[in-house]
Structures are given as structure tokens and as C-alpha cells.
Amino acid sequence: MADILINVIIAFLAGSLLLGLHRKIMARVQKRPGPPVIQHLLHSLKFFFKETAFPKTVSMPFYIGIVFILAAVWIVGVIVGPVTKGSLLILFGVYAVYKIVEHNAGSSSGSPYGKASCVRAVLSAATELPLFAAVVLVYLKTGSMNISSIIAYQSVNGPLILSIPLAAVMFFILLLSKSPYSPFGITKDKALISGFETEHFGLLRGYIMFAESISWYVMMWLFLTIFFPPLSAAGYLIGMLVITFITAFINATTPILNPNHSVMTQITLGAVCFIGTLIMIFI
Amino acid sequence: MFNQKLSCIILLILSTLAILACLLVSFQDWIVYMVAIVAIPLWILSLGFLTMAKPRSEDAEERVKEPFTGY
């Protein structure tokens with residue numbers, strides 16, 4: 001339990017600071033000063049003390065239960081990832097539940113913006129295709145879905161990013177779609193105010209930010225672990241900083257796509273990378 | 001409101017005890033994982049319900065009247 005608690009705290013603090021850095025880099029690219037790097041962490045904590053009320057139109061207890069599920073699935077992510085280095089399939093399941101949470105948080109809110117975001121969450125499940133394809137390709141290459149076996153494989157045969165780079169590109173697309181202000185972030189398009197989070201304010205927003213900080217850390221940890229050779233803590237830190245910098249740069253310079261284009265772009269990139277990787281493996 | 005506060009205090013105590021029990025006693029792995037998955041989010045949520053500010057009584061009705069529909 002101590003191991004889990006330590007990893008959850010590290011994931012929350014590192015994830016919050018990296019999301020703060022993400023925002024800062026985006027601002028600097030757009031020639032704005034931007035908020036301090038620590039701002040995301042401070043906001044997450046501040047919301048726990050803000051005035052909170054639950055609108056009459058929300059579906060109780062689902063409205064609160066869904067954010068509880070969001071936090072619980074990313075605790076599962078920490079346990080299966082950094083703590084036990086378990087199965088990739090469970091992490092795929094965690095991501096699938098995350099999409100269900102986006103959908104249901106919007107539908108339970110009673111807000112027209114939340115409901116529009118809920119519909120888009122169904123479309124944005126297209127991001128699961130590149131993830132699933134990447135998991136399949138890693139399995140075809142290493143013969144295992146277990147993260148510790150994949151680490152062992154890479155220490156003998158070299159990093160997977162060199163042998164199946166297109167699978168890494170697919171996984172990176174997933175990271176990009178998960179990052180704030182992403183061109184693929186159709187559920188949180190500013191045309192929908194805050195999307196499925198619009199009616200989750202105060203305490204519940206702080207709770208969502210806590211879970212999303214953990215999710216950002218877990219997704220980057222997973223990418224670095226399954227595509228790079230065994231890394232030290234400093235290696236993970238540098239890798240996460242680089243990924244945060246690249247995604248922030250892309251998001252700062254790219255407009256948000258409309259839902260159809262977002263889905264088609266992800267599916268097309270996923271299909272091209274999947275076929276390309278199959279050719280690299282079997283030919 | 002009183003019921004909500006009381007439930008949150010009970011849930012906070014229960015989740016704290018569950019986490020402490022797993023820290024002090026060596027249970028089987030699956031029990032520790034189940035407690036972590038349920039008790040850690042529950043601890044944070046119940047603590048949040050206790051620390052959050054409540055609207056003033058004269059503003060309470062206005063706050064819950066309708067969802068946000070735009071600026």
C-alpha cells in the first residue's frame with residue numbers, strides 16, 4: 001500500500017507540474033507570458049475549498065459517482081503501470097473506461113454543452129484504435145502483453161522505438177489527443193465551454209483535475225516504458241519533459257479540428273502506421 | 001446538509017482506517033489493490049466535501065436553479 005500511495009502522490013504532483021509546464025510552453029509559443037508552472041497544481045488544490053453547489057438538473061448520484069470512477073480508473077492505471085508493471089490490456093481497459101467517463105459526465109450534467117460533449121466523446125473513442133493497434137503490434141513484436149516482459153525484451157533486443165517506430169507514432173497520437181488544447185480534443189472544444197466538465201465545478205472540478213494529472217503521468221510513463229530501453233528516474237523525467245514540450249508546441253500551433261476531421265485523421269494515421277509496422281515486422 | 005456532513009465524516013474515517021490497515025497489516029495483494037482503488041478516491045472525495053465552501057442560504061436557490069447555458 002505504501003508503494004501505491006507514494007506512486008499516486010508522485011503521479012499527481014509530477015502530472016500537475018507537467019500540465020502546468022504544458023500551459024506555460026503553449027503561452028510562450030503564442031508570445032504570452034502564461035501562468036506560473038505551479039498554477040495547475042494550485043488550481044487543483046484551490047477547487048477543494050471553492051463554493052460548490054449541485055444544479056437541480058443533474059442526475060444524482062451519477063453526477064458525483066462518475067468523477068469517483070474517473071479517479072478510481074487512474075488509480076488502477078498507477079497500480080497496473082508504475083507499481084506492478086502488469087498487463088497492457090488492463091491499461092487499454094482503463095483508457096476505454098476513461099472515454100465512458102467523458103461520455104457519462106456530459107450526459108449526467110443536464111447542461112446542453114455537457115450533452116454535446118457527451119456525443120463527441122463517442123466519436124473521440126476513435127483514439128482507442130491507434131492505442132489498440134499499438135498494443136497489438138507490441139505483442140506481435142515481443143510476444144507479451146506484460147510490461148515487465150516488454151522491459152526485459154528491450155534490455156536484450158534493443159528499444160522498440162527503433163524496431164517498430166510507427167507503433168510509437170501511433171501511441172504518441174494517443175498522448176497528443178490526451179493533452180490539453182489538443183487538435184483532437186473535440187470533447188473540450190471551447191465552443192462547448194468546458195465540454196463534459198462544464199457543470200462539474202468547485203470540488204468536483206478539483207477532483208477531475210487530480211485524476212487528469214495522474215492520467216497524464218501514467219500515459220507518458222507507459223509510452224516511455226514500452227518504447228524505450230529501461231530508464232532511470234532522471235530518464236523518465238527528461239522523457240516526460242520532452243513529450244510535454246513537443247505536445248505543447250503542436251497544440252499551440254494547431255487549431256482544434258472539427259469532430260469528423262479529428263476522427264478521420266486519427267483513423268488514417270493509425271491505419272497507415274499499423275500497415276507500415278506490419279510490413280516492417282514481417283518483410 | 002447535516003446528513004451529508006455526517007456521511008462524509010463516516011466515509012473519511014472508514015477510508016482512512018482501510019488505508020491504514022493495509023499499511024500496517026500484510027494482506028493479500030488483491031485485497032490491497034481493491035482497498036487502494038476504492039479507498040484513495042473515496043478519502044479525497046469525502047475530504048473535499050468537508051472542505052468545500054457552501055453557498056450562503058440566500059444564494060443557495062439561485063446556485064442550483066439551472067445549468068450553465070452560456071455567458
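Where does Lys85(A) lie? Keep that in mind as you go through these points; the reply comes in point 6.

1. A word on the model. This is a predicted model, in which local features need pLDDT of at least 70 and side-chain atom pairs count only at pLDDT 80 or more, while totals for chains, interfaces and linings use all residues. Residues are numbered from 1 along each chain as its sequence is written, and chains are lettered from A and ligands numbered from 1 in the order in which they are written.

2. How the chains meet. Helices here are DSSP runs (H or I, at least four residues) and strands are runs of E (at least two), numbered from the N terminus. Ala, Val, Leu, Ile, Met, Phe, Trp, Tyr, Cys and Pro count as nonpolar, Asp, Glu, Lys and Arg as charged, and the others, Gly among them, as polar.

3. Chain B. Look for three helices and zero strands in chain B, in the pattern α-α-α along the sequence. Of its 71 residues, 24% are buried. A residue is buried if 20 or more other C-beta atoms lie within 10 Å of its own, exposed if 12 or fewer, and partly exposed in between, with C-beta atoms placed from the backbone.

4. H1 against H3 in chain A. H1(A) has 28 residues and reaches 40 Å from its first C-alpha to its last, close to the 40 Å expected at 1.5 Å a residue; the expected span is 1.5 Å times one less than the number of residues. The axes of H1(A) and H3(A) come within 10 Å and cross at roughly 105°, where axes are lines fitted to C-alpha atoms (for helices over the stretch in contact) and angles run from 0 to 180 degrees between N-to-C directions. The two are therefore roughly perpendicular. Angles under 35 degrees count as roughly parallel, over 145 as roughly antiparallel, 65 to 115 as roughly perpendicular and the rest as oblique. Among the residues making this contact are Ile4(A) and Val8(A) of H1(A) and Ile75(A) and Val78(A) of H3(A). Its classes are eight nonpolar, one polar and one charged.

5. H4 against H5 in chain A. Helix H4 (residues 88–108) and helix H5 (residues 112–124) of chain A have axes that come within 7 Å and cross at roughly 160°, so H4(A) and H5(A) are roughly antiparallel. Their contact has three nonpolar, six polar and three charged residues.

6. Two lysines with positive phi. Most residues other than glycine have a negative phi. Lys85(A), in the loop between H3 and H4 of chain A, has a positive phi near 50°. Lys85(A) is partly exposed because 14 other C-beta atoms lie within 10 Å. Lys31(A) follows H1(A) and has a positive phi near 60°. With 7 C-beta neighbours inside 10 Å, Lys31(A) counts as exposed.

7. A buried valine. Val135(A) sits in helix H6 (residues 128–142) of chain A and counts as buried because it has 20 C-beta neighbours inside 10 Å. Leaving aside neighbours within four places in sequence, Val135(A) is in contact with Leu88(A) and Phe92(A).

Terms used. Two residues are in contact if their C-beta atoms, placed from the backbone, lie within 7 Å.
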